[in-house]
Amino acid sequence: MLTRRHAIAAGVLAVVFAAAPAGAQDQPKDKLKVIASFSILGDLVKNVGGDRVEVGTLVGPNGNAHVYAPSPADAKRVADAKLVFVNGLGFEGWLERLVKASGSRAPVIVATKGIKPRERAGGRGHDHDHGQADPHAWQSVANAKIYVANIRDALIAADPAGKAAYEANAATYIAKLDALEREVRDVIAKIPADRRKLITSHDAFGYFEAAYGIAFIAPQGVSTEAEASARDVAAIITQIKKQKIAAVFLENVTDPRLVQQIARETGAKIGGTLYSDALTDDKGDATTYIDLIRHNLKQLAAALES
Ligand SMILES: [Zn+2]
């Protein structure tokens, strides 16, 4: 005779089997272990990988990938990974050495492959990084769709049994990105044209600017490695006063003091914090890429609309 406990356990099992989707027998026992270099990319990989993939990220929430110092634990995680996803375009200068040190033979997948890189002359007067590629391609939602396609193709190559799942996941997520992009365009269309300009600390929004028509002016270049010079800051202050730029924004990955100083000296208001190079942790409101773009959009609209 079954005890009550057995009966309950059997009932639970029945429910589990009933809920298992068709094709679940194709699920691998071990998930495909992959690493993404930073949190935003990690989220994109999770969306495409779904249940079949276990995604680790190296530079975590609110982290700055421009100046990251990998730990021995990172080398171990890279060594265990079957694929390493990176942004490329010079974003993760520390990565090649890390992969080498880990002894990993995992393919390194450059998620920006096929995206036309923007070249920036850097911040005001930053002659030294003239011609440097701008790595922040994810700030255009159209580019994020290219990341997703590259991620899908790499996962299929590494795990052909999951082809149908990766294709379905990518298609679902790309549809969400299409909706997100429409949202961005609708919100920006409501901001008066002469108010579509603002200040941030580092030059992370060039792709957003090119795609959606908001001018971002930044005293620091496309990397945060170089500090803004006094001359850069003075030039920006003059520009804010002359062009009557209404708002300056902080970022979640850079030191807020520079932007605070500019706000003080110009009387421009601090519009809030934009998320440039990293998701937030669970306490923040951008634990996913889609929420990151939505957060930035809301901040821009609130500060610039009126
Ligand atoms: Zn950056």
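Lys33 has Glu54 in S2 as its bridge partner. This is a predicted model, where local features need pLDDT of at least 70, side-chain atom pairs count only at pLDDT 80 or more, and totals for chains, interfaces and linings use all residues. Residues are numbered from 1 along each chain as its sequence is written, and side-chain values use heavy atoms, with hydrogens and water left out.

S1 (residues 32–38) and S2 (residues 53–59) run parallel, joined by 6 bridges. Strands pair if DSSP finds at least two bridges between them. Helices (H or I, at least four residues) and strands (E, at least two) are DSSP runs, numbered from the N terminus. Right-handed means that, with the strands pointing away from the viewer, the path from the first strand over the helix to the second runs clockwise. S1 is largely enclosed by the rest of the structure, because 6 of its 7 residues are buried. Buried means under 20% relative accessible area, exposed over 50%, and partly exposed in between (1.4 Å probe, protein chains only).

## Strand S3

S3 (residues 83–86) also runs parallel to S1, through 3 bridges. Ala36 pairs with Phe85 there. Another 3 bridges join S3 to S4 (residues 108–110), again in parallel. Val84 stands opposite Val108 in S4. The chain passes from S3 to S4 by way of helix H4 (residues 95–102), in a right-handed β-α-β crossover.

In a regular strand the side chains alternate between the two faces of the sheet. On S3, Leu83 and Phe85 point one way, and Val84 and Val86 the other way. All four are buried.

## Nonpolar cores

A nonpolar core is a set of buried Ala, Val, Leu, Ile, Met, Phe, Trp, Tyr and Cys residues joined through side-chain atoms within 4.5 Å. The largest one has 73 residues. Phe85, Leu155 and Tyr289 have the most contacts inside it. Helix H10 (residues 289–304) gives the most to this core: 9 residues. A second, separate core holds 15 residues, including Ile217 and Leu250.

Contact means heavy atoms within 4.5 Å. Not counting residues up to four places away in sequence, Leu155 touches Leu32, Val34, Val48, Gly49, Val53, Leu83, Phe85 and Tyr166.

## Tyr173

Tyr173 sits in helix H6 (residues 163–189). It is buried, at a relative accessible area of 3%. Beyond its neighbours within four places in sequence, Tyr173 contacts Asp43, Leu44, Asn47, Val148, Tyr289 and Ile290. Tyr173 and Val48 are 125 residues apart in sequence, yet 7.4 Å apart in space, C-alpha to C-alpha.

## Zinc site

His66 (NE2), His136 (NE2), His202 (NE2) and Asp277 (OD) coordinate the zinc ion at 1.9 to 2.0 Å. Donors are N, O and S atoms within 2.8 Å of the metal (3.2 Å for Na, K and Ca); water is not among the atoms, so sites may look incomplete. The site is tetrahedral, with angles of 94 to 117° among its 4 donor atoms. Four donors count as tetrahedral if all angles lie between 85 and 135 degrees.

Along the chain, the donor spacing is H-x69-H-x65-H-x74-D. His136 lies in the loop between strand S6 (132–134) and helix H5 (141–158), and His202 in the loop between strand S7 (197–199) and helix H7 (206–212), so the pair ties together parts that are 66 residues apart in sequence. Both His136 and His202 are buried.

## Whole chain

The protein has 10 helices and 10 strands. Of its 306 residues, 49% are buried.

Conventions
Four donors count as tetrahedral if all angles lie between 85 and 135 degrees; four count as square planar and six as octahedral if opposite donors are over 155 degrees apart and all others between 65 and 115; anything else is irregular.
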